[in-house]
Amino acid sequence: MPRTPEENERIRRATKEQILKAAMDLFFNKGYHATSIDEVAKTANISKGLLYHYFKGKEDLFAAMVDVRLNDLLVVMQGAAAKKTPTEQIRHIAEGALEDVRRQPEVFRFYLNLFTQPRLDPVVAKYGQKLMDEQAKQFEVQTEMFTKLGVANPRKRSIYFSSTLQGIMLMFSTYPQTFPLDEVKAQLIEEFCPNMPKSIL
């Protein structure tokens with residue numbers, strides 16, 4: 001019995017995700033240039049020909065991984081922007097970021113590693129900069145939320161919030177089995193989201 005278009009799409013999406021995960025693991029553990037397309041295909045348990053059906057080559061894979069991260073970031077920020085009050089918006093950013101790292105701690109470690117790579121590598125530098133530029137843009141959106149909240153120094157408060165959030169994400173991604181994420185998340189929201197009813201923290 002032939003597959004339905006929906007089933008074909010599901011298989012296509014699952015295969016693409018499988019390839020991207022294999023590439024991410026290899027890029028993280030071996031480095032971008034030390035990883036071959038053959039290794040990616042083997043790790044993903046597919047043929048090299050099928051891999052090329054989805055991606056033109058290694059740089060295309062790297063670009064796709066950065067695009068996935070950019071999309072995740074935009075989804076969280078757009079969801080926050082749709083909230084009615086700045087308090088709800090900031091809470092949404094915190095919860096979205098922490099749920100992302102809870103779901104995929106290894107993804108956070110990969111992108112942190114990307115930011116700390118030497119900028120001598122032109123491919124890594126290009127896509128790392130693309131991600132940093134988008135994060136800088138979204139930081140300005142976040143700072144505007146703190147401005148609307150009426151804090152004395154919204155930019156400084158926004159920097160402190162981002163630094164605290166990133167630190168929590170780093171700790172959880174390093175110690176996912178023991179780090180008390182829910183308790184720390186509640187403390188973060190209590191500090192940065194004033195007047196949020198205690199019953200929903």
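How do the residues of the lining of the largest pocket divide into nonpolar, polar and charged?

Reply: The lining residues divide into 14 nonpolar, 6 polar and 3 charged. In this classification, Ala, Val, Leu, Ile, Met, Phe, Trp, Tyr, Cys and Pro count as nonpolar, Asp, Glu, Lys and Arg as charged, and the others, Gly among them, as polar. The model is predicted: local features need pLDDT of at least 70, side-chain atom pairs count only at pLDDT 80 or more, and totals for chains, interfaces and linings use all residues. Residues are numbered from 1 along each chain as its sequence is written, and side-chain values use heavy atoms, with hydrogens and water left out.

A pocket here is an open set of points on a 1 Å grid over the protein atoms alone, where a 1.4 Å probe fits, with protein on both sides within 12 Å along at least five of seven lines; lining residues have an atom within 4 Å of a point. The space in the largest pocket is about 560 Å³, a volume being the space filled by probe spheres set on the points, which are joined across faces, edges and corners.

The lining comprises 23 residues, and R69, L73, Q135, S162 and Q166 lie nearest the centre of the pocket. Two or more lining residues come from each of α4 (58–81), α5 (86–103), α6 (105–115), α7 (122–149) and α8 (154–174). Helices are DSSP runs (H or I, at least four residues), numbered from the N terminus. With 6 residues, α8 gives the largest share of this lining.
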